[in-house]
Amino acid sequence: MRIDKYLHDQQLGTRSQIHELIKQRRVTLNEQPVKSFKQGVDPLQDRVIVDGQVLGHQTEFYYLMNKPMGVITATTDLSQTTVMDLLSKDDFRSDLFPVGRLDKDTTGALLITNDGQLAHQLVSPKTHVAKTYEAHVTGTLSNDQIQVLQDGIELKNGDHVKADSASIVGQSGHETNVKLQLHQGKYHQIKRMFGALGQRVVQLHRAEFAGLGVTDLSDGNYRALTDKEIELLKNKTSAD
Ligand code: URA
């Protein structure tokens, strides 16, 4: 692997910042200053030091994306753009995958990782983490309907679905905006819940996943999680 790619994986900055670090002779490889950003490195064998700090070998990667409309939540597809296609060449790895699923027309918080154990923990029915959605639905909603979302609904296929909380945050013309928080994560859950109330979701945005919000990310953009965020995620349980 090239040293600049390795340093980028270690989250030491953009490619140009890393090239600058190398130019300034702040990186050593097996005690020798790195002279070219194209130099090869074996992360398992070589000793890389930046500004006196020995680097470890990062094997797990975590990104939070603000998924845009029109992109599918999948690792590959022959004809459609997937969320993985939005990763830069530097960040892409073939073992990364999205945690859970957002519909093609749903936007918002989506975690992408290669940490299978954490992904499993985050979406397993036992430890489902909290998710916050903003749904624009057709027509007006009564307080009774909002209460039904929180009391729980038995869907036609027998699924029992329920929001932890739901509230109307706006009403305009023929649309109502509802904010919901839930721990469950069943297939098309929000659309099916409103469908059961006779309403249609016209726009759906996941504002937060496991406490991670995407207000700082524009559509289609993503960022690496901080060490603290990763640690918090690993400690999440259904009690969050
Ligand atoms: N519920 C839905 O109906 N769709 C999503 O994308 C996410 C939750």
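User: What lies 2.7 Å from the backbone oxygen of Y187?

Analyst: A polar atom in the side chain of R192 lies 2.7 Å from the backbone oxygen of Y187. Please note that this is a predicted model.

User: Where is the place of R192?

Analyst: R192 is placed in helix 5.

User: Which residues of helix 5 are buried, then?

Analyst: Helix 5 covers residues 189-196, and Q189, I190, M193 and F194 are buried in it. Viewed down the helix axis, the buried residues of helix 5 fall within an arc of 125°, so they line one face of the helix.

User: Why do residues three or four places apart point the same way in an α-helix?

Analyst: An α-helix has 3.6 residues a turn, so residues three or four places apart point the same way.

User: What covers the buried residues of helix 5?

Analyst: The cover includes helix 4 (143-151) and several strands, among them strand 8 (131-138), strand 12 (175-182) and strand 13 (201-209). Strand 9 (153-154) and strand 10 (160-161) also belong to that cover.

User: How many bridges join strand 8 to strand 13?

Analyst: Strand 8 and strand 13 are joined by seven bridges and run antiparallel. One example is H136, whose bridge partner in strand 13 is Q203.

User: And over how many bridges do strand 8 and strand 12 pair?

Analyst: Strand 8 pairs with strand 12 over eight bridges, again in the antiparallel sense. Here Y133 has L180 of strand 12 as its bridge partner.

User: Let us turn to the ligand. Which residues are around the ligand?

Analyst: The residues around the ligand are L102, D103, T106, Y133, H188, Q189, I190, K191 and L204.

User: What is 2.7 Å from a nitrogen atom of the ligand?

Analyst: An N or O atom in the side chain of D103 is 2.7 Å from a nitrogen atom of the ligand. Backbone atoms take part as well: a polar backbone atom of I190 is 3.1 Å from a ligand nitrogen atom, and a polar backbone atom of H188 is 3.2 Å from a ligand oxygen atom.

User: What percentage of the ligand does the protein bury?

Analyst: The ligand taken alone exposes 240 Å², and the protein buries 96% of that.

User: Where does H188 lie?

Analyst: H188 lies in the loop that connects strand 12 and helix 5. H188 is partly exposed, with a relative accessible area of 28%. Its phi is positive, about 50°, although H188 is not a glycine.

User: What is the phi of E31 near?

Analyst: The phi of E31 is near 70°, and this residue too is not a glycine. E31 sits in the loop between strand 1 and strand 2 and is partly exposed, at a relative accessible area of 48%.

User: In what order do the four strands of the open sheet come?

Analyst: The order is 2-1-3-4, with antiparallel pairing. Strand 2 (32-33) and strand 4 (53-54) are the edge strands, each pairing on one side only. Strand 1 (residues 27-29) pairs with strand 2 over two bridges, and L29 has Q32 as its bridge partner.

User: Changing topic: is H8 buried or exposed?

Analyst: H8 is buried, with a relative accessible area of 15%. It belongs to helix 1 (residues 3-9). A polar contact of 2.7 Å joins the side chain of H8 to that of D91. Beyond its neighbours within four places in sequence, H8 is in contact with G13, I18, D90 and D91.

User: Finally, how many helices and strands does the protein chain have?

Analyst: The protein chain has six helices and 15 strands. Of its 240 residues, 44% are buried.

Note on methods:
Residues numbered from 1 in each chain as written. Predicted model: local features only at pLDDT ≥ 70, side-chain atom pairs only at ≥ 80, totals over all residues. Heavy atoms only, no water. Buried < 20%, exposed > 50% of the residue type's maximum accessible area, 1.4 Å probe, protein only. Arc of directions from axis to C-beta. Contact = heavy atoms within 4.5 Å. Near = heavy atom within 4 Å. Polar contact = N/O pair within 3.5 Å; in protein donor to acceptor, adjacent residues only side chain to side chain. Areas by Shrake-Rupley, 256 points an atom, 1.4 Å probe, with all protein chains shown as cover. Pairing = 2+ DSSP bridges.
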